[in-house]
Amino acid sequence: MRESRTAAVLLAVSLLGMACAGTRGKPPAAQSPLLYTSEEVGAPKPEALLVALHFSGSTPAFWDEPIQSLGIPVRTLLPQGPRPRRDGFTWFQADHEEKTWEGKTEDVERMAERLAELIREVRASHPELRRVVVTGFSYGGDLAWMLAIRHPELVDAAVPMGTRLLGDPTREPPVSRKVRVLQGEQDAIIPVQHTRERVAELKGRGIPIDLRTYPDLGHDVSPALLEDWRAFLRQSLQGKPVD
């Protein structure tokens, strides 16, 4: 059974010029709503929710075959980036890549807040849900990681792929219970050495994160990566210990 919904996170409306009687400032423009689908896969009323975030220029349909290949009951939450790009959609403005590390982090934090609202909405509509796992590739991987560190109360585990690991944990508990990063060693966009150093630094701070890399893979997925992805998700979604 598929549900199609929209969710919008609106900016707060400010009233300006209160000192001048009868004068009000214009409210800021509302953000475009995030479109998404949510579907039961494998059985009615599954107890686990999988949030899957597509890469820039793609669509939520990217996840259809990988999710079916999991072979376990799960509810999906498949959001769509709000901005058209190529044959699909993207999550951020066109100037995102021109920004500093801090500017990119702020963009990802803002979008992760909107995605967190979708998770709350779906969980409120389906009280049978007991576990939430997030995954994503490229920009979707950046968002999956940000959800794990900014909203550990919503996310039990995360599998970000091809991610820059922007931002730092700032809350207690600081991060979801388990994060596994998957990346190609020939990635020309995100150098694997950067990822190794970042993961080592986070592990040194007690963050439950590990990394698996793939020697002949660039900024992409592969059969070997997807097999590890499926293994981690099957265990996490069913509440089993993760290898």
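Which residues are buried in H3? Tyr139, Gly140, Gly141, Asp142, Leu143, Ala144, Trp145, Met146, Leu147, Ala148, Ile149 and Arg150 are, where buried means under 20% relative accessible area, exposed over 50% and partly exposed in between, with a 1.4 Å probe and protein chains only.

Please note that this is a predicted model, in which local features need pLDDT of at least 70, side-chain atom pairs count only at pLDDT 80 or more, and totals for chains, interfaces and linings use all residues. Residues are numbered from 1 along each chain as its sequence is written, and side-chain values use heavy atoms, with hydrogens and water left out.

Helix H3 covers residues 139-150; helices (H or I, at least four residues) and strands (E, at least two) are DSSP runs, numbered from the N terminus. Because 12 of its 12 residues are buried, H3 is largely enclosed by the rest of the structure. The end C-alpha atoms of H3 are 16 Å apart, in agreement with the 16 Å that its 12 residues should span at 1.5 Å a residue; the expected span is 1.5 Å times one less than the number of residues.

I turn now to arginine 75. This residue is found in strand E4, residues 74-79. Why does arginine 75 count as buried? The reason is that its relative accessibility is 0%. The side chain of arginine 75 also makes a polar contact, at 2.9 Å, with the side chain of serine 38. Such a contact is a pair of N or O atoms within 3.5 Å; within protein, one must be able to donate a hydrogen and the other to accept it, and residues adjacent in sequence count only if both atoms are side-chain atoms.
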